[in-house]
Amino acid sequence: MSGHASLQRPRVFVARAVFPDIVAQLEAVADVESNPDDAVCTPAQLRERLGDKQGAFITGSERIDRALLDACPELKVVSTMTVGVDHIDLAACVDHGVTVTHAPDVLTETTADFGFALLLAATRQISAAEHYLRDGRWTKWSVDLFAGADVHGTTLGIVGMGRIGQAIARRAVHGFGMRVLYHNRRPLSAEVERELHAEYRSLDDLLRQSRHVLLALPYSAQAHHLIGARELALMQPDATLVNIARGGVVDEIALAKALHDGRLGAAGLDVFEGEPRVDPALLAAPRTVLTPHIASSSVPTRRAMAQLAVDNLIAVLRGQPPLTPV
Ligand code: DGY
């Protein structure tokens with residue numbers, strides 16, 4: 001920081017309860033207001049807490065919009081510990097001269113593991129089978145007990161072939177002998193396609209030709225309800241749909257209806273349009289595994305995400321280039 005501001009320590013708000021040893025690194029260089037009880041701030045509370053701050057450490061739960069930025073004239077940097085930035089109005093940040101940083105790469109493998117776990121859990125009905133056992137309903141081994149589709153050796157369609165999509169493709173090809181189709185805004189280079197053994201398809205062809213479909217694309221206005229009733233009708237009737245992207249990518253009511261009507265094999269969902277609220281239609285849908293947005297939640301990965309967010313924040317507050325700007 002320069003001039004008058006260099007005499008003062010910058011003020012930072014850490015919006016959620018984060019690993020204390022990582023926040024301590026921030027406290028060494030800034031005056032930190034934290035939120036140890038971990039309550040998610042209302043927009044008004046966020047405006048109040050960020051009103052006199054130069055830096056914000058946020059998660060995906062805090063919405064940074066134009067109204068908030070208007071109320072926070074001193075804000076210089078918003079550092080989110082997520083890779084997704086759909087909770088941040090990037091154009092408004094540009095207009096207000098606010099640097100935005102995020103946390104790519106460090107969560108790729110952990111998130112890919114979880115995507116695969118959801119694919120397996122939903123296709124093989126692991127949650128329903130466990131409830132059946134715990135409810136005392138298991139009285140005998142039966143030939144068709146929870147008999148469903150296979151994962152290995154089938155075709156996986158990946159929508160969104162960024163870092164996480166590619167990490168899932170590697171698991172699918174090398175671990176499960178699958179054929180991988182993908183859809184992306186832009187096809188990958190021929191070299192990367194060869195390395196991944198992945199074939200580009202239009203979205204409709206991917207939905208028709210894949211036994212299972214996994215969504216790993218970033219959310220944007222164009223991706224809103226990308227998978228709706230029409231797209232679900234294109235999918236194979238015993239396909240599994242996995243969503244580790246953002247809830248808004250799927251029309252959840254149409255999905256619940258397809259599951260109820262037996263027009264889709266199963267669904268594994270880690271993200272929801274109105275999360276943490278989950279639509280009752282989805283809660284009631286059969287053959288569905290629902291998890292509370294935890295795909296990146298291993299301790300080493302959550303620590304790495306928080307560390308990268310703090311490193312970004314400190315760099316910008318010191319007037320240095322951020323490590324991973326948006
Ligand atoms: C992200 O980083 O965007 C995830 O969705 C949060 O874990």
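Two strands count as paired if DSSP finds at least two bridges between them. Keep that rule in mind for this predicted model.

Start with strands β3 and β4. Strand β3 covers residues 55-58 and strand β4 covers residues 77-80. They pair in the parallel sense over four bridges.

Strands of a sheet pair through backbone hydrogen bonds, in either a parallel or an antiparallel way. Here five strands form an open sheet, and the pairing is parallel. The order is β2-β1-β3-β4-β5. At the edges lie β2 (31-33) and β5 (99-101), each pairing on one side only. On average, neighbouring strands of this sheet are turned by 15° against each other, direction ignored.

A helix packs on this sheet. Helix α2, residues 43-50, touches β1 (11-14), β2 and β3. The direction of α2 makes about 155° with that of β1.

Next comes a pair of helices. Two packed helices are described by the angle between their axes and the distance between those axes. Helix α1 spans residues 20-27, and helix α13 spans residues 299-317. They pack at an angle of about 5°, and their axes are 10 Å apart. Angles under 35 degrees count as roughly parallel, so α1 is roughly parallel to α13.

Which residues meet between α1 and α13? From α1 come D21, I22, Q25 and L26. From α13 come R303, A306, Q307, V310, D311, L313 and I314. The residues of this contact divide into six nonpolar, two polar and three charged.

Notes. Residues are numbered from 1 along each chain as its sequence is written. This is a predicted model: local features need pLDDT of at least 70, side-chain atom pairs count only at pLDDT 80 or more; totals for chains, interfaces and linings use all residues. Side-chain values use heavy atoms; hydrogens and water are left out. Axes are lines fitted to C-alpha atoms, for helices over the stretch in contact, and angles run from 0 to 180 degrees between N-to-C directions. Helices (H or I, at least four residues) and strands (E, at least two) are DSSP runs, numbered from the N terminus. Angles under 35 degrees count as roughly parallel, over 145 as roughly antiparallel, 65 to 115 as roughly perpendicular and the rest as oblique. Contact means heavy atoms within 4.5 Å. Ala, Val, Leu, Ile, Met, Phe, Trp, Tyr, Cys and Pro count as nonpolar, Asp, Glu, Lys and Arg as charged, and the others, Gly among them, as polar.
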